[in-house]
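Dear colleague,

Please find below the structure that I am handing over to you, followed by an account of what was found in it.

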There are 2 protein chains.
Amino acid sequence: MESKVAVVGAGQSKYGESVDKSVKELFLDAYIELINSVDNGLEPREINAVYIGSLGSGGFQLGNLSALMAEYVGLPGVHAVRIENACSSSGFAFIEACLAIMSGMYDVVIAGGVEKMRDVSSLKAKYWLGVSGDTEYERLAGMTFAGLYAIMANRHMHDYGTTREQLSMVAVKNHKNAFLNPKAQFQNKITLEKAMNSPMVAYPLNLFDCCPTTDGASAVLLCKAEIAKKFTDSPVYVAGFGTGTDYLALHDRETITSLKAAVLAAREAYKKAGIKPKDVDVAEVHDCFTIAEIIAYEDLGFCERGEGGKFIEEGLSSMEGEIPVNLSGGLKAKGHPIGATGTGQVYEIFNQLRKTVQKPARQVKDAEIGLTHNVGGSGGTAAVTVFKV
Amino acid sequence: MESKVAVVGAGQSKYGESVDKSVKELFLDAYIELINSVDNGLEPREINAVYIGSLGSGGFQLGNLSALMAEYVGLPGVHAVRIENACSSSGFAFIEACLAIMSGMYDVVIAGGVEKMRDVSSLKAKYWLGVSGDTEYERLAGMTFAGLYAIMANRHMHDYGTTREQLSMVAVKNHKNAFLNPKAQFQNKITLEKAMNSPMVAYPLNLFDCCPTTDGASAVLLCKAEIAKKFTDSPVYVAGFGTGTDYLALHDRETITSLKAAVLAAREAYKKAGIKPKDVDVAEVHDCFTIAEIIAYEDLGFCERGEGGKFIEEGLSSMEGEIPVNLSGGLKAKGHPIGATGTGQVYEIFNQLRKTVQKPARQVKDAEIGLTHNVGGSGGTAAVTVFKV
């Protein structure tokens, strides 16, 4: 499709544990960076609408969240909508913002997300993560999120020979990338040995195969493509997007070694963008667990089905590889403030394509096409967006 | 604006206490009636997207709710998004569905809502209602929702001479209407004396000034206006819509005798539809408390500011009046399953304009223009939509 929407600004709070900042203040951090990132300036009154993704805003903290975020940053009166699609909440908030612009109703729109997970009890956090899967068949039967992805990992290992080492290699790569990201939750490199020997959580997933719980916010500024140059000489265009859904409970699905929602989303996004998977220069994918990144390589067509393990082992997703994946550190090391993750991915791709990442060492070279892949829960929903400069 | 979107089907579960039905089953009830309401038939595979409004889906029951509802009614794979804008969740879900169609991405879309409130403790229900206001300034200070509207009512009485009798007259009218609605939670008439003498909740609001907690679901079918006649010979068109937001906490607002979010929403909706308030033939407004309906008359321009009390007293909003309001019984007597209320209002207007309400005695005569007015929380958000045949 012809690009009808452009991204012209982006901001992200520091991800991690923010004991001293409320949800509002985290979002304000992202908003301020967003405003400052608009090269030619932006008057807040030019903003028509705000879409905020959040999973547990009400449960962790606050309701009617989008209006609340809008008022707090000084935008009372705007069209404001909160989206909850589990861990893909702001991936979908971004797409709803695109639709709003494409409808002709709004010209300048913020899409963002926020989550504050670390100041509630771990039991409550676990409850909120649990509701992202199927409550009746899975959560109430005692299934945890690590458990769901462990089932997928076991089957992937059985069917394709994927190894425990390959899982840990994803963690090692993403920590290495996050080491160069001042906004990441974990800015430490880890060795393969350390990753392999961390405590087991749900076989075969150990501690270093799991993303952390995170406080954080992100926000990006979208506008009608025709007016993008008003805001910046280097906009990033939305080349195409797609979404998909699937049965929430694993037992209902056609397969558990692939997320059908993500396959549907990717197919639609590539078609709309008129590109093939190998055209992607840089990608942020939803690595809530290391196995999820390996499955994402396959679902996105970066490699053949069953070859995801080899893809990481051969370094093809590393900074120097064929398609660098999760240069931000991904959910695994940058952190996973659930509702903020989707637009946080867009923040990274926006800066990668504009060559404005904070540390040059993390800047991918000559990237023209970027992709974000945001999954809700254990694959009940997925949103994939392709960007180009 | 030229009508780009049509409503061609609608369904609603029975509102009330549904001990024997889950959230899924309530939504299925609405979906089945929706499917059966499509005069020329609808193949489920024609549906491209599902937008579900819900306030507490995660807290009361389940997460990633829209995908879950889609899979349960047999629509796995569709674009599915859950909207949470407090009590205006499905009013906004409806508008997001309109934007999705206007964007050109989707042709046939379901907008709906669901809430199951009566099988959680009243403390938990109160918590979930509380988060719809401002948590930091109001809820945590002990403010209840009846308390917030009581403050508005007191000021309205002080400034404009609105009386306690006039508040009760709203309850009497809405119960009278609900008596004719087989899907209403309360199908009993009440006398003015009974309404006046019910137990005080928060002065001046007594028990009969407050809407109940309700289990229920609603869903409507929208499509691109050009293809509406494929589904029915009598579509209802979306003539215009508008939204607004305001500071969540009352103390931050310009006024507390009017909801600015609703005023903004109405102004935009009327402008888009090219009509004046007096052109409205029938309306469903957000009467979470009786004072809210009186303020709605004024915010929507059905009468002058301060004249809302007289508007009900003179019978202008009754079945036989100038602009019949809440013929369904409204939130007060039809019930208020929070996330379902917005599209539940559309369900009523759809049937009123098509002359297909279940009981002829509740059918307004010769109505061509209908309006829905859905408020989030104590006025943090509002959505107004104008319909025409």
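Of the 389 residues in chain A, 66% are buried, where a residue is buried if 20 or more other C-beta atoms, placed from the backbone, lie within 10 Å of its own, exposed if 12 or fewer do, and partly exposed in between. The model is a predicted one, in which local features need pLDDT of at least 70 and side-chain atom pairs count only at pLDDT 80 or more, while totals for chains, interfaces and linings use all residues. Residues are numbered from 1 along each chain as its sequence is written, and chains are lettered from A and ligands numbered from 1 in the order in which they are written.

Overall form of chain A

The C-alpha trace of chain A spans about 55 × 45 × 40 Å along its principal axes. Among the contacts in chain A with a separation of 6 or more, 77% are between residues 24 or more positions apart; two residues are in contact if their C-beta atoms, placed from the backbone, lie within 7 Å.

Domains

Chain A is assigned domain 1 (5-121 + 214-236) and domain 2 (132-212 + 237-388), with bounds that come from an automatic or database domain assignment. The centres of domain 1 of chain A and domain 2 of chain A, taken over C-alpha atoms, are 22 Å apart. Their contact involves 42 residues from domain 1 of chain A and 38 residues from domain 2 of chain A. On the side of domain 1 of chain A that touches domain 2 of chain A, at least two residues each come from β1 (5-12), α4 (89-102), β4 (108-115) and β7 (216-224) of chain A. The most is given by α4(A), with eight residues. By class, this side of domain 1 of chain A has 22 nonpolar, 17 polar and three charged residues (Ala, Val, Leu, Ile, Met, Phe, Trp, Tyr, Cys and Pro count as nonpolar, Asp, Glu, Lys and Arg as charged, and the others, Gly among them, as polar).

Strands and a helix in chain A

In β1(A), eight of its eight residues are buried. Pairing here requires that DSSP find at least two bridges between two strands. β1(A) pairs with β7(A) in the antiparallel sense over seven bridges, and A:Val5 stands opposite A:Lys224 in β7(A). β1(A) also pairs with β8(A), again antiparallel, over two bridges: A:Ala6 stands opposite A:Tyr237, and A:Val7 has A:Val236 as its bridge partner.

Strand β8 (residues 236-245) of chain A is largely enclosed by the rest of the structure, because nine of its ten residues are buried. Eight antiparallel bridges join β8(A) to strand β11 (residues 381-388) of chain A, where A:Val384 is the bridge partner of A:Gly242.

Helix α3 (residues 65-72) of chain A is mostly covered, with seven of its eight residues buried, including A:Leu68 and A:Glu71. Just after α3(A), A:Gly74 takes a positive phi of about 95°.

The two chains

The contact between the chains takes 47 residues from chain B and 47 residues from chain A. Two or more residues on the side of chain B that touches chain A come from each of α2 (57-61), α3 (65-72), β3 (79-83), α4 (89-102) and β8 (236-245) of chain B. That side of chain B divides into 21 nonpolar, 21 polar and five charged residues.

Chain B is superposed on chain A by a rotation of 180° with 0.0 Å of shift along its axis (RMSD 0.0 Å), and the two copies are thus related as by a two-fold rotation axis. The superposition is by least squares on the C-alpha atoms of residues with pLDDT of at least 70 in both copies. The same surface serves both copies, since 100% of the contact residues of chain B recur in chain A. B:Ser103 is the residue of chain B that comes closest to the rotation axis, at 1.9 Å (C-alpha).

One residue in a loop

B:Asp246 lies in the loop between β8 and α10 (260-273) of chain B. B:Asp246 counts as buried because it has 29 C-beta neighbours inside 10 Å. Leaving aside residues up to four places away in sequence, B:Asp246 touches A:Pro76 as well as B:Arg253, B:Leu259, B:Lys260, B:Ala261, B:Gly379 and B:Gly380.

With kind regards

Technical notes
Helix = DSSP H or I, 4+ residues; strand = E, 2+ residues; numbered from the N terminus.
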